[in-house]
There are 2 protein chains.
Amino acid sequence: VDQTPLNHPEPEFATVALVGMGLIGGSLGLALRERCLARRVVAVARRPETVQRTLELGAADEGGSGLEEGVRDADLVVLCTPVLTIPALAERIAPYLKAGALVTDVGSTKAVLAREVPRRLRPDTPFVGGHPMAGSEKTGVEAARADLFEGATYLLTPTSETPADAVERLERWVTALGAVPVRLEPEAHDRAVAGISHLPHVVAAALAAAVAGGSGDGSIDRETLRQLIAGGFRSTTRIAASSPEMWRDICLTNRKALLEALRQFEAELALFAAALEDRDAAELLRAFERAREARMDLVPE
Amino acid sequence: VDQTPLNHPEPEFATVALVGMGLIGGSLGLALRERCLARRVVAVARRPETVQRTLELGAADEGGSGLEEGVRDADLVVLCTPVLTIPALAERIAPYLKAGALVTDVGSTKAVLAREVPRRLRPDTPFVGGHPMAGSEKTGVEAARADLFEGATYLLTPTSETPADAVERLERWVTALGAVPVRLEPEAHDRAVAGISHLPHVVAAALAAAVAGGSGDGSIDRETLRQLIAGGFRSTTRIAASSPEMWRDICLTNRKALLEALRQFEAELALFAAALEDRDAAELLRAFERAREARMDLVPE
C-alpha cells in the first residue's frame, strides 16, 4: 500500500532501513516520516525495548531486532551504530540486500570505513560514507529530534571507486532532509574532524576530569564549587557528557590525525603556560588575541 | 529630588557610582535602574563616546569622564575596570569619597585586590571584593543586559579585616539585584576560579588557535572548514572570543593557581594521549567515563 501523500513526489528511496536507534537513527526516522521522504521506515535495534520506544516516538513505521528482515526490502540502509561495529555489520547484511540497494553510515570517521566496508558488500550494493555534522551531548533515541539535521552540513565521502549516481542520489536525499550535502575525501574528512570535533571532545573531557580532580584539595566543598560554575566551564565542557563508548571508537578509528591535532594543541597550550610562567604580559596578550581572531575567523556568526 | 517610586523601599545605597562601563558595568546600571535600586546611578568612563552610549542605553542617570565628580556623592562605588587597574584606581578615588562610602569591584581575581586595595583607601571607606559569576563572550556596554545577574552566584570576598556591616549591606544589595551572594575567602576564591573559569578560558583559546593553525596544511580550505564546524567546536571555544586584555590581566593576577590548574589539565590530557598512542581501548573508555561522571557531578542540570 502506497502511503505517500498525493502532494509529495516519489521518494528518492521508498524503503529506508535504519540500523541502530540512537540519537542519529531516531532523528533520521523522525525527519524521514515528518517530511514524507519514505514510504516505509524500518528500524532495527538489538534491544526490543529500543524498538518499542522507537515506534512509540514515531521514529519508524515498523521495527524489530532481526537484521535480515530489517534490511531485505530496503532501498537505502543507514548504519547508525558505533563506528567500530560498522564493517562487521556490513558483512552480516551483505547477503540479504536487494540488488541496487544503497548503503551509507553516519559514523564520525571515514577513512577506515571507506577501506573496510565496500569489500564486505556485494558490487551491486554501493556504499557511500556519510557524516551529518549534527549531534548533541544527549544520547539515545529518547533525545531524537526531527529537526536535528535542518541546516546542518552533511558530509558525504565517496572514493574514486564509488558509483557517481549513488552519490548523487544520496545528495538529493540529504537535501530533502533539510541538510546541506558536502563532498569530501575520506582522509581529508578525518584530518578536518580531528581538529574541529575530536580534539575538542578530548579537551573537554580532560578539562572536566582535571577540574573535578583538582578541587579535591579541601579548600572548597563540592556544593560551593557547583554554585560557582558559570557559563565558561559549562559551555567548554558540555560535550564531555557525550557517550564514552562512542568517543572511544571515534578516537581509535581516527588515531593518527587526532594524535597530530593533540600535539598541535599541546604546543599552543605550552605557549600560554610559558608566557604565564615568565609573567610575559605582552606574549600572553598576543596569544589571547591570536586565539580570538582564530575563533572569529572559524565561527563568524 | 527623590526619584524613587513610592512603592519601592529605601535603597540600600542611594547613589551608586559605576567606574568603567563595559558588559558588567552596563548591566549593573541597567539592573539597578530597572529594579529601582538606587536614586542615582552615575557612570564614569574614560571615553566620552562610552558615556554617551551608556546614557542612550539607559544604563545610568548621569555620567562623565571625571573620577572626582563621578564618585564624590556615591554611597557605593563599583569598580568595573580590568583587574590590574583597580589598585591604582582605588588610590585615585580615595581622597574624594564620602565618609562611610563602600567600595567594591567586579574583578575576576580577589587575593591581590584584598591585599592591595584596602591600604589605598581611607579607613572610613571600607572595601569588599566582589565577583559576579555572570558574563558573556561579548564585551562592551552594548552587550549589557538588565537580567545578566538574575539567579547568578555573586561572590563576596571579605577578609578578617572587613567590617561585618559592610559585607551585610553588600549582600542585601546583591540579593536585591536578583543574584545569590556567596562568601568566600579571597585565596579560596582564586583557587576555585582557576579551575572552573580561568583554565577553561586558556584551554578554549589554545584550542581555537590550534585548530586554526593546524588546518593550514592545504588539505582543506577555510570555507569548507567553516561549513564543517558543528556544535562541539562552537561551544568548546565560545569563550575564546572574550576580551584578550581582560584575560591577560586575570591570568597574571591568578598566576600561581592557574599554573597549578594547567598542570593538572596537562596530566589529564596526557592520559588520553597515552591511551590513544598505545591503542588502549579500555583505558580510553575509562578516561571518557571518568570525564563524563565529573561533568555530570559538577553540572547536574
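The area buried between chain B and chain A comes to about 8100 Å², and carbon and sulfur atoms give 71% of it; buried area here is the accessible area (1.4 Å probe) that two parts lose on being put together, summed over both. The model is a predicted one, in which local features need pLDDT of at least 70 and side-chain atom pairs count only at pLDDT 80 or more, while totals for chains, interfaces and linings use all residues. Residues are numbered from 1 along each chain as its sequence is written, chains are lettered from A and ligands numbered from 1 in the order in which they are written, and side-chain values use heavy atoms, with hydrogens and water left out.

In this interface, 84 residues of chain B are in contact (heavy atoms within 4.5 Å) with 84 residues of chain A. The rule finds 8 salt bridges across it, a salt bridge being a side-chain nitrogen of Lys or Arg within 4 Å of a carboxyl oxygen of Asp or Glu. One of these links Arg226(A) to Asp297(B), with the closest N and O atoms 2.7 Å apart. On the side of chain B that touches chain A, helix 7 of chain B provides the largest share, 19 residues; helices (H or I, at least four residues) and strands (E, at least two) are DSSP runs, numbered from the N terminus. By class, that side has 49 nonpolar residues (Ala, Val, Leu, Ile, Met, Phe, Trp, Tyr, Cys and Pro), 20 charged ones (Asp, Glu, Lys and Arg) and 15 polar ones (the others, Gly among them).

Turning to the sheets of chain B, an open sheet of 6 strands has the order 3-2-1-4-5-6, with parallel pairing; two strands pair if DSSP finds at least two bridges between them. Strand 3 (62–64) and strand 6 (127–128) of chain B each have a single partner strand and stand at the edges, so one side of each is left without a neighbour in the sheet. Strand 1 (residues 15–19) and strand 2 (residues 40–44) of chain B run parallel and are joined by 5 bridges, with Val19(B) opposite Val44(B). Helix 1 (residues 23–34) of chain B lies across strand 1, strand 2 and strand 4 (76–79), running at about 160° to strand 1 of chain B; axes are lines fitted to C-alpha atoms, for helices over the stretch in contact, and angles run from 0 to 180 degrees between N-to-C directions.

A further open sheet, of 3 strands, has the order 7-8-9 in chain B, with mixed pairing. Strand 7 and strand 8 of chain B run antiparallel, joined by 3 bridges, and Gly130(B) has Leu156(B) as its bridge partner in strand 8 of chain B.
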